Amino acid sequence: MASITLGGTPVKTIGELPLNNTTAPNFTLTKIDLSEASLDHYQGNKVVMNIFPSVDTGTCAKSVRQFNEEAAELENTHVLCISRDLPFAQQRFCGAEGIENVVMLSDFKTGAFGKDYGLEFSDGAFSGLHSRCIIVLDTNGKVVYTEQVQETADEPNYKAALEALMDA
């Protein structure tokens, strides 16, 4: 389990992020139109997973905006923004913000994604939600970069994630 902080208070996750050079676990998540998407849908493409507690918080919203801007310039790449928010909240946010270059995915049904990837908060005020993480995959679905943000209120290292993506 990872030890991180939420507003300066120590919290834990249920496990550890997948290791570099391992195949990312497959998943089934819900899109904003309520259809399902799995990691298999993105096979043959590079993938950036921007994972966060809720799009209705400032830092989470900012990360979606930032990756939306960056994704417009990326080739053969999909940016997946993943949270436990209801798809309706994700759709509302995207509509209000003009977000069109990322794929919003929800783990609201089972929470299996957060558990399988070891990033679900196991205690604290956000227990059951996803911790703030970035996972980058190459075209073969291999993990090439991970970041679990130490302080949940902080933004991820966009530059490092995008550099890893370019090297993938």
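1. In the hairpin formed by β1 and β2, 2 residues lie between the strands, and G7 there takes a positive phi near 60°. Strands here are DSSP runs of E with at least two residues, helices are runs of H or I with at least four residues, and both are numbered from the N terminus. The model is a predicted one, in which local features need pLDDT of at least 70 and side-chain atom pairs count only at pLDDT 80 or more, while totals for chains, interfaces and linings use all residues. Residues are numbered from 1 along each chain as its sequence is written, and side-chain values use heavy atoms, with hydrogens and water left out.

2. Strands β1 (residues 3-6) and β2 (residues 9-12) pair in the antiparallel sense over 4 bridges, where pairing requires that DSSP finds at least two bridges between the strands. L6 stands opposite T9 in β2. Buried means under 20% relative accessible area, exposed means over 50%, and partly exposed lies in between, with a 1.4 Å probe and protein chains only.

3. T152, placed in the loop between β9 (143-148) and α4, counts as buried because its relative accessibility is 2%. Not counting residues up to four places away in sequence, T152 touches I4, T5, L6, P53, F121 and R132, contact being heavy atoms within 4.5 Å.

4. In helix α2 (residues 87-97), the buried residues are P87, A89, Q90, F93 and C94. Seen down the axis of α2, these buried residues fall within an arc of 160°, so they line one face of the helix; the arc is that of the directions from the helix axis to the C-beta atoms. The face turned away from this buried side carries the exposed residues F88, G95 and A96. Among the elements that cover the buried residues of α2 are β3 (28-31), α1 (58-71), β6 (77-83) and β7 (103-106).

5. The largest nonpolar core has 25 residues, of which V64, F67, V79, V102 and M104 touch the most other members. Such a core is a set of buried Ala, Val, Leu, Ile, Met, Phe, Trp, Tyr and Cys residues joined through side-chain atoms within 4.5 Å. Its largest share, 6 residues, comes from α4. Leaving aside neighbours within four places in sequence, M104 is in contact with residues including V64, Q90 and C94.
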